[in-house]
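Let's take a walk through this structure together, one region at a time. Keep the viewer open as you read, and pick out each residue as it comes up.

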Amino acid sequence: MALRNIDGRADVAGILAILIVTLFLALFGASRAADAAFAIQMWTLIAATLVGTAMVTGILGRGPSVDQSSRYENGVVKAGVVASMFWGIAGLLVGVIIALQLAFPTVFYFEEWGWTNFGRMRPLHTSAVIFAFGGNVLIATSFYVVQRTCRARLAGGLWPWFVFWGYQLFILLAGTGYLLGVTEGREYAEPPWYTDIWLTVVWVAYLLVFLATIWKRQEKHIYVANWFYLAFIVTIAMLHLVNNLTIPVNAGSWFSYSLFSGVQDALTQWWYGHNAVGFFLTAGFLAIMYYFIPKQADRPVYSYRLSIIHFWALIFLYIWAGPHHLHYTALPQWAQTLGATFSIMLWMPSWGGMINGLMTLSGAWDKLRTDPVLRMLVVSVAFYGMSTFEGPVMSIRAVNSLSHYTDWTIGHVHSGALGWVGFVSFGALYCLVPWLWKRARLYSNALVEWHFWIATIGILLYITSMWVAGIMQGLMWRAYNELGFLEYSFVETVEAMHPYYIIRALGGLLYLGGALLMAYNLWRTARGDVPARERAGDTPVTAPVAAE
């Protein structure tokens, strides 16, 4: 079993200590619970730590054992692939439900089930697709890539498994908390204070495992993908710590007060919010691009020098762009202008990275006709370029006055989330399953073709409907009649959105359908099934299994 891939007892003892301390703190919290929601959260934590303690104690009792069947630790990566698909489908399903709630509020509203209302389901959707799906993809691919590019087994013995299961516990606590009404009300940072503390512990372990693997590398050079992964891990840790500085009301309540207030709190929130996009949803997935596109295309990176420039320019410029979310607020105008200026400057490194990814196919463009996985990876880079063009445009004050608070912003976010993050993640998972399970190829390239086109049509329906709806929304809000009164009431603007909300829900359904096809394809691939009929394009994948 992969769980027994340990080099000694120190890692097991350390994890056991963390679990026992967490167990006693959870018991203390449960004993002082001031409301039912907090009590349920604490008992969930107690159950999870008891199960974890029993498993780790069993491993400690068996003594150290080393699995020599593989040069690399593949078990935790396989678990990450499975978790990624599970949470991805769950998050997309919730997204479709809330899209239908907006399109048909009288049909998909259940008064007797308060936990199904939009206010609780919406943060569940965002956290599920960003942190549950995206986070698991990043952890799994980073553990895979760092081992291959460093030619070293994943460091830490059992600690990578602690990172994996600890992260799943974070997702469970956050998701169930939202349904119970437990939220800090901060965009992309809704989990309460005790969940934030648990994630901090897990994230420190993640950072140490990644750094220790690089430290013991047998390859002198540190490949650029590892730099992007490291920037993602370190910066998200910094953002998480500062944005979640809160003071709990007491040890028996989930509610807490932010350490900041007023415009300082807003600036801290959007410094975090925009850089969560910049480093979680951009830097981490650029690492995937820099490894999986060259590997799948069987071509070197177009320009390694450009990739280094891309890295340093991106991480320097992105961190300053957050204030462009606060145009026309109490934030000083010089700070608003600073955010917009750095946002526009981000065009250069972003498009430099896009060009680098696309030009990696130089001499291999013909593969796009026969390899739908590579096509999905390349189209994701095109969406990355489009999103990083649109974002700086929307940061300009004149444009922002029309776009902000409208569905144009929703369309922008989803062009990046579905097109860039979704497609590059799907492409990486399509690559990983045959490589990890040592299959000659995917079960069916035809299903990948279907997934690609269904999902692409879904994205186009989603983002074009939201672009049209958002611009119309902004124009209706600012329309005045000859007497100086508003031309349209708010209800009229909502009514005008209805057909576009239906189109958005249809686009989401198509995207979810593509993900379900993918899950079936990957399941059949992992089982080693062979389709009854093979197409000419179903050629074996280039799987780097020789050094496994």
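How much space lies in the largest cavity? About 30 Å³. Keep in mind that this is a predicted model, so every value here is computed from predicted coordinates. A search of the whole structure for cavities of 30 Å³ or more finds one.

To find the largest cavity in your viewer, select the residues that line it: Met289, Tyr290, Ile293, Pro294, Val301, Asn356, Gly357 and Thr360. Helix α8, residues 262-297, gives the largest share of this lining, with four residues. Both α8 and α11 supply at least two lining residues each. What is the make-up of the lining by class? There are five nonpolar residues, three polar ones and no charged ones.

With a relative accessible area of 40%, Trp365 is classed as partly exposed.

Next come the charged pairs. Side chains of opposite charge can pair when their charged atoms come close. How many salt bridges does the structure hold? It holds seven, and a few of them are worth a visit.

Start with Glu73 and Arg153, whose closest N and O atoms are 3.7 Å apart in a salt bridge. Glu73 lies in the loop between α2 (36-62) and α3 (75-103), while Arg153 lies in the loop between α4 (118-150) and α5 (159-180), so this pair ties together parts that are 80 residues apart in sequence. Is Glu73 buried or exposed? Glu73 counts as buried, because its relative accessibility is 3% and the cut-off for buried is under 20%.

The loop between α4 and α5 takes part in another such link. Arg151 forms a salt bridge with Glu219, and here the closest N and O atoms are 3.4 Å apart. Arg151 is in the loop between α4 and α5 and Glu219 is in the loop between α6 (193-215) and α7 (224-243), so the pair joins parts that are 68 residues apart in sequence. Arg151 is partly exposed, at 34% relative accessible area, and Glu219 is partly exposed as well, at 31%.

Arg527 is partly exposed, with a relative accessible area of 49%.

Now for the backbone. Most residues other than glycine have a negative phi. Which value does phi of Tyr328 take? It is near 60°, a positive value in a residue other than glycine. Tyr328 is found in the loop between α9 (304-318) and α10, and is partly exposed at 49% relative accessible area. Lys438 also has a positive phi, of about 55°, although it is not a glycine. Look for Lys438 in the loop between α15 (407-436) and α16 (445-477), where its relative accessible area of 48% makes it partly exposed.

Thr329 is found in the loop between α9 and α10 and is partly exposed, at 32%. Thr329 and Arg299 are 30 residues apart in sequence, and their C-alpha atoms are 48 Å apart in space. Ile344 and Thr388 are 44 residues apart along the chain, and 9.4 Å separates their C-alpha atoms. Ile344 itself is partly exposed, with a relative accessible area of 32%.

Key. Residues are numbered from 1 along each chain as its sequence is written. This is a predicted model: local features need pLDDT of at least 70, side-chain atom pairs count only at pLDDT 80 or more; totals for chains, interfaces and linings use all residues. Side-chain values use heavy atoms; hydrogens and water are left out. Buried means under 20% relative accessible area, exposed over 50%, partly exposed in between (1.4 Å probe, protein chains only). On a 1 Å grid over the protein atoms alone, a cavity is a set of points where a 1.4 Å probe fits but cannot get out, and a pocket is an open set with protein on both sides within 12 Å along at least five of seven lines; lining residues have an atom within 4 Å of a point. Grid points are joined across faces, edges and corners, and a volume is the space filled by probe spheres set on the points. Ala, Val, Leu, Ile, Met, Phe, Trp, Tyr, Cys and Pro count as nonpolar, Asp, Glu, Lys and Arg as charged, and the others, Gly among them, as polar. A salt bridge is a side-chain nitrogen of Lys or Arg within 4 Å of a carboxyl oxygen of Asp or Glu.
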